[in-house]
Amino acid sequence: MTIELPPAIAAYFVTDKKGDAQALSECFTEGATVVDEGNTYEGRDAIRNWMAHASTQYTYTVEPFALVEEGERITVTSRLVGNFPGSPVDLDYRFVLEGDKIARLEIAP
């Protein structure tokens with residue numbers, strides 16, 4: 001199933017597939033926050049380091065398949081498949097956008 005993602009979110013998923021931590025961090029505002037696996041990363045430098053670590057620790061693919069808008073939050077449910085414990089898993093990517101960038105992202109089961 002193909003869904004139409006807002007441009008900033010589509011850019012996030014395309015960039016994530018490439019594994020380029022620097023390019024991924026540029027999808028975010030300067031003061032953005034990412035919450036993943038109980039950890040919080042604030043600012044582009046922390047987000048770049050989070051992505052760089054994740055891409056060396058695991059090999060994975062992400063396929064978005066559902067989108068729900070709730071006020072300012074956009075939840076994209078995606079299937080994550082890779083070499084990590086519990087694979088495959090469906091995760092909710094909860095985005096808050098600011099202009100054409102991501103201001104907040106929470107990733108949760």
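1. Start with the open sheet: six strands in the order β2-β1-β6-β5-β4-β3, with mixed pairing. Strands here are DSSP runs of E with at least two residues, helices are runs of H or I with at least four, and both are numbered from the N terminus. Two strands count as paired if DSSP finds at least two bridges between them. β2 and β3 are the edge strands, each with a single partner, so one side of each has no neighbour in the sheet. On average, neighbouring strands are turned by 20 degrees against each other, direction ignored.

2. Before going on, keep in mind that this is a predicted model, where local features need pLDDT of at least 70, side-chain atom pairs count only at pLDDT 80 or more, and totals for chains, interfaces and linings use all residues. Residues are numbered from 1 along each chain as its sequence is written, and side-chain values use heavy atoms, with hydrogens and water left out.

3. Inside the sheet, β5 and β6 pair in the antiparallel sense over seven bridges. Asp92 stands opposite Ala108 in β6.

4. Now the helix: α1 lies across β1, β3, β4 (73-82), β5 and β6, and runs at about 130 degrees to β5. Axes are lines fitted to C-alpha atoms (for helices, over the stretch in contact), and angles run from 0 to 180 degrees between N-to-C directions.

5. Have a look at Thr29 in strand β1 (residues 28-36). Thr29 is buried, with a relative accessible area of 13%; buried means under 20%, exposed over 50%, partly exposed in between, using a 1.4 Å probe and protein chains only. Leaving aside neighbours within four places in sequence, Thr29 is in contact (heavy atoms within 4.5 Å) with Arg44, Glu98, Lys101, Ile102 and Ala103.

6. The largest pocket has a volume of about 550 Å³. Of its 24 lining residues, the closest to the centre are Asp36, Glu37, Tyr58, Leu80 and Leu91. A pocket is an open set of points on a 1 Å grid over the protein atoms alone, where a 1.4 Å probe fits, with protein on both sides within 12 Å along at least five of seven lines; lining residues have an atom within 4 Å of a point. Volume is the space filled by probe spheres set on the points, which are joined across faces, edges and corners. α3 gives the most to this lining, with five residues.

7. The second largest pocket holds about 170 Å³ of space. Leu5, Phe13, Lys17, Glu63 and Pro64 are the closest to its centre, out of eleven lining residues. α1 gives the most to this lining, with four residues.
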